[in-house]
Amino acid sequence: MKVIAPYFEILEDLDKQSLSIRIEACGRICYKSEDKITPESAEPFIRSIIKHGHNSVTEMAVLTLKVLYDTESIANQFFNLMPKFLLVDRIGKKELLISGSVRAFRELYQANPTVKMVKAVAEYLGSRHPLFYEDLLPERGLMKQEGVHVEKVPLEAVDALPADLLVKHRHVAVLFVVNRAITHEIVRHRPVSYLQESQRYCRYSQDKFGNEITFVKPMFFKDDSAEYSLWEKAMRDTEKIYLKLLETSSPQAARTVLPNSCKTELITFANLLEWLHIFKLRTSKGAEPSMREVMIPLLHKFQEKYPSIFDGIQAGT
Ligand SMILES: Cc1cc2nc3c(=O)[nH]c(=O)nc-3n(C[C@H](O)[C@H](O)[C@H](O)COP(=O)(O)OP(=O)(O)OC[C@H]3O[C@@H](n4cnc5c(N)ncnc54)[C@H](O)[C@@H]3O)c2cc1C
């Protein structure tokens, strides 16, 4: 067995990648199949994800659009849909700022294919990102919609938005490598997209996992304490039983003996407003100590990057 300290990584590099590369990189965390990424692997991976309905993977890329329209009736028709999972702001006369994931934009069109603004957005996205729309749109794409103009807002422009818009439209992905008790708590936050290493698909007896289970060191026990020895023994015994079960059962059956201390990977993708909420709850005195162990240093990183938004939070209050 292997014992590691918990850590996190802000997935900033993915912000510079195309939507497909980003989605594949995140999606493969579930299967821990990052070794299968090649220059050609994104398209078939994404097609297969969409076909199998593993839809949360397509939440891992967010786009921000500026939509200009001629008449208020076009906007009213859109607002009457009460669009779900999109962030929408009026930023000028007859001008909207809309952010959403690939999934949110796909499902917006699936549910409302006759609404003019929705069609304009689908036409724009479908012509630039055909992979995400090939199963939804006619082969030759949609006609341009008169009276609506759609354009992409680049990430640098999103970063330059005033704080009240930045906080809603800027999304940040963080990879947590922590124990499963902590990820179980993180995933209680709802306006967030997640992908997690799956104990159903990962078989820890394989070479790529070192033929062993990785556990996260609990911060509760000192290294040379009796409690730590007991914890270590419990993990070692569990690993033996898990590996024995795998000789005759599937990973999803064998995992039933795995404990909270198992290492897992979780990508957490949310806008800054939700991160603000998460930090308030998860760095406070009442939060679980192993949660604070990762959330407090992560908050400091966010404070460096977005001081106007996060400076007001005092961890530990
Ligand atoms: C110290 C601590 C102890 C806890 N103990 C327990 C426990 O013993 N048992 C337990 O089950 N949970 C526990 N939790 C989890 C807690 O109850 C929340 O589920 C979790 O913190 C998610 O936060 P949230 O519900 O505020 O908001 P999020 O899900 O992060 O949502 C953000 C915001 O969206 C809005 N929102 C989202 N969904 C809805 C909705 N359906 N209806 C209305 N508004 C919504 C709210 O305005 C909310 O503020 C604990 C959390 C903490 C921090």
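Tyr-7 stands opposite Val-177 in strand β7. Tyr-7 opens strand β2 (residues 7-10), which pairs with β7 in the antiparallel sense over four bridges. Strands count as paired if DSSP finds at least two bridges between them. Strands (E, at least two residues) and helices (H or I, at least four) are DSSP runs, numbered from the N terminus. The structure is a predicted model, in which local features need pLDDT of at least 70, side-chain atom pairs count only at pLDDT 80 or more, and totals for chains, interfaces and linings use all residues. Residues are numbered from 1 along each chain as its sequence is written.

On its other pairing, β7 is joined to β10 by nine bridges, and the two run antiparallel. Val-177 has Glu-265 as its bridge partner in β10.

Strand β7 (residues 171-179) has seven of its nine residues buried, so it is largely enclosed by the rest of the structure. A residue is buried if 20 or more other C-beta atoms, placed from the backbone, lie within 10 Å of its own; it is exposed at 12 or fewer, and partly exposed in between. Arg-170 lies in the loop between α7 (163-169) and β7. Arg-170 is buried, with 22 other C-beta atoms within 10 Å. Eleven residues separate Arg-170 from Asp-159 in sequence, yet their C-alpha atoms are 6.9 Å apart. Not counting residues up to four places away in sequence, Arg-170 touches Val-158, Asp-159, Asn-271 and Leu-272. Contact requires C-beta atoms, placed from the backbone, within 7 Å.

Helix α1 (residues 19-27) also has seven of nine residues buried, so it is largely enclosed by the rest of the structure. The buried residues are Leu-19, Arg-22, Ile-23, Glu-24, Ala-25, Cys-26 and Gly-27. Their cover includes α2 (42-51), α4 (102-111), β8 (193-196) and β10 (263-271).

The domain assignment gives domain 1 (2-15 + 170-310) and domain 2 (30-162). These bounds come from an automatic or database assignment. The domain centres, taken over C-alpha atoms, are separated by 31 Å. At the boundary, 15 residues of domain 1 are in contact with 14 residues of domain 2. On the domain 1 side, β8 and β10 are the elements that give two or more residues. The most come from β8, with four residues.

The largest nonpolar core has 72 residues, and Met-117 and Val-121 have the most contacts inside it. Such a core is a set of buried Ala, Val, Leu, Ile, Met, Phe, Trp, Tyr and Cys residues joined through C-beta atoms within 7 Å. Helix α5 (residues 116-128) supplies the largest share of this core, seven residues. Both domain 1 and domain 2 give residues to this core, so it lies between them. Leaving aside neighbours within four places in sequence, Met-117 is in contact with Val-67, Tyr-69, Ile-74, Gln-77, Phe-78 and Val-148.

Helix α3 (residues 72-79) packs against α5 at an angle of about 85°, with the axes 7 Å apart. That makes α3 roughly perpendicular to α5, a class that spans 65 to 115 degrees, beside roughly parallel (under 35), roughly antiparallel (over 145) and oblique (the rest). Here Ile-74, Gln-77 and Phe-78 of α3 meet Lys-116, Met-117 and Val-118 of α5.

Strand β5 (residues 95-101) has five of its seven residues buried, so it is largely enclosed by the rest of the structure. Seven bridges join β5 to strand β3 (residues 62-69), and the two run antiparallel. In that pairing, Val-62 has Ser-101 as its bridge partner. Strand β4 (residues 86-92) runs antiparallel to β5 and is joined to it by six bridges. Val-88 stands opposite Ile-98 in β5. The hairpin of β4 and β5 has two residues between the strands, and Lys-94 takes a positive phi near 60° there.

Definitions and conventions: Two residues are in contact if their C-beta atoms, placed from the backbone, lie within 7 Å. Axes are lines fitted to C-alpha atoms, for helices over the stretch in contact, and angles run from 0 to 180 degrees between N-to-C directions.
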